[in-house]
Every structure is written in structure tokens, then in C-alpha cells.
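Hi everyone, thanks for coming. I'd like to walk you through a protein chain today, going piece by piece. Have a look at the picture and keep it open while I talk.

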Amino acid sequence: MTPGSVVSIHVGSSRKATLDRVGRVEAIRGRGLAGDRYCDGTGTWSNHPNPSGKQVTLLEAEVVAGLIDRGLIVGSGDIRRNIVTRSVELSGLIGRRFRVGEAVLFGVRACEPCRYLESLTARGLCEALAGRGGLRADVVAGGCIGVGDTIEVLDRGSLSASGYL
């Protein structure tokens, strides 16, 4: 089985700002990706009461290609997800720890599209992404993530009272 890989990385410095495409980024334990609004606590949903699943978002390149074919977006960063992957089923990473480059992430929950996302992108995006909007993850071990890095499932993770196992 071919391992998954990182196709592109995107960070946004503030709400509504266009996401910048970067070749490498530092994942910071318990915070997110350096230079991203959620790492800095200034993202649109940063003050939402649920603390987990806001640090990193991932989306499959195969989903992006389908959207482009439908004329809904022009590039992978337009969907406002941090990491675009190839050859990995992201829904299978929910509840699991996985390595991306040097960092270890924990798949928290699906990243379903919302009307706010659609207001910043294209009408019809919510419907097109329903059930395929990606993955929300937390950084459990920091490190550098770069385009081309592999994605490797480490084990069956779970939440404990003190955090991640």
C-alpha cells in the first residue's frame, strides 16, 4: 500500500485573509501551524467552546480535483484547509494518531463545510463538500511538515482524561 502524502500546505494570518501556500511549516504541539490564525487564537472559530479539533485541517486532493472539475474553486487553498493530502482516506484517521513529516497529529472529527466557508468561496460548495469536507486534527507532537512528506498511521489513539494517549 502506498503511503499518503502532503500535496500542499496553506496558512492564513487572520480571519477572512487569503491563505498563503507554503512549502514547509512548523507544527506546534497544542496550538497548530506556525503563522496560522488558529495557532495564534485569532481564527473565526477560535473562541468556540469546543477546544479540540481547531489546530489543523486536512483535505484530500482527490476531493479538490472533483470540485475544480465542477468549476467551484480555482485552487486547493481556496477551501481554507491547512493541508491537502493525496492517497489517504482522512475519515479513517478519526480517533487515530498519525505522523505527517516530523509532527504527530490526532484525528479529532470530520471537518464539515459551513455557510461561512461558502460565503468566502463559491455558492454550492457546502453541498459539494458534504461528507467530504476533510479532517480536523490536533498537534500532539510538534515538528516540521513539508510538501511531499508522507502520512503514516501510528496506532489506534484515544482520548484520556489527561489528553492524548
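Before anything else, one term: a residue is called buried when its relative accessible area is under 20%, exposed when it is over 50%, and partly exposed in between. With that cut-off, Arg-37 is buried, because its relative accessible area is 7%. Keep Arg-37 in mind; we'll come back to it. And please remember that what you see is a predicted model.

Okay, the overall picture. The chain has 165 residues, and 48% of them count as buried. You'll find three helices and 13 strands. The exposed surface comes to about 8100 Å², with carbon and sulfur atoms supplying 50% of it.

Let's look at some strands. As a reminder, strands in a sheet pair through backbone hydrogen bonds, and the pairing can be parallel or antiparallel. Take the open sheet of three strands here, with the order β4-β3-β10 and antiparallel pairing. Which strands stand at the edges? They are β4, residues 32–33, and β10, residues 143–146; each has a single partner strand, so one side of each has no neighbour in the sheet. Next, β3, which covers residues 24–28, pairs with β10 over four bridges. If you want to find one of those on the screen, go to Ala-27 and look across to its bridge partner in β10, Gly-143.

Residues 83–86 make up β6, and its pairing with β1, residues 4–11, is antiparallel with four bridges. Val-6 has Thr-85 as its bridge partner there. But β6 also pairs with β5, residues 56–60, and that pairing is parallel, over three bridges. In that one, Leu-59 has Val-84 of β6 as its bridge partner.

Now a helix. In α1, residues 61–69, the buried residues include Ala-61, Val-63, Val-64 and Leu-67. Why do I say they line one face? Looking down the axis of α1, the buried residues fall within an arc of 155°, so one face of the helix is lined by them. After α1 comes Gly-71, with a positive phi near 75°.

On to the inside. In soluble globular proteins, nonpolar side chains tend to be buried together. Here the largest nonpolar core has 21 residues, and the ones touching the most other members are Leu-33, Leu-58, Phe-98, Leu-105 and Ile-145. Which elements give two or more residues to this core? That would be β1, β3, β5, β7 (96–100), β8 (103–110) and β9 (135–141). Let's zoom in on Ile-145. Leaving out residues up to four places away in sequence, Ile-145 touches a whole list of residues, among them Val-6, Ile-9, Val-25, Ala-27, Leu-33 and Val-100. There's also a second, separate core of eight residues, and Val-64, Leu-72, Ile-79 and Val-84 are included in it.

How many salt bridges does a search of the whole structure find? Two. In one of them, the side chains of Arg-37 and Asp-36 meet, at 2.8 Å from N to O. Asp-36 is buried too, because its relative accessibility is 1%, under the 20% cut-off. Asp-36 sits in the loop between β4 and β5. Not counting residues up to four places away, Asp-36 touches His-10, Val-11, Gly-12 and Asn-82.

The other salt bridge joins the side chains of Asp-40 and Arg-31, at 4.0 Å from N to O. Here Asp-40 is partly exposed at 46%, and Arg-31 is partly exposed as well, with 40%.

One last stop, Thr-150, in strand β11, residues 150–156. Is Thr-150 buried or partly exposed? Partly exposed, because its relative accessibility is 44%. Thr-150 and Pro-3 are 147 residues apart along the chain, yet their C-alpha atoms are separated by 6.3 Å. Apart from its neighbours within four places in sequence, Thr-150 is in contact with Pro-3, Gly-4, Ser-5, Arg-99, Val-100 and Gly-101.

Methods: Residues numbered from 1 in each chain as written. Predicted model: local features only at pLDDT ≥ 70, side-chain atom pairs only at ≥ 80, totals over all residues. Heavy atoms only, no water. Pairing = 2+ DSSP bridges. Buried < 20%, exposed > 50% of the residue type's maximum accessible area, 1.4 Å probe, protein only. Areas by Shrake-Rupley, 256 points an atom, 1.4 Å probe, with all protein chains shown as cover. Arc of directions from axis to C-beta. Core = buried A, V, L, I, M, F, W, Y, C linked by side-chain atoms within 4.5 Å. Contact = heavy atoms within 4.5 Å.
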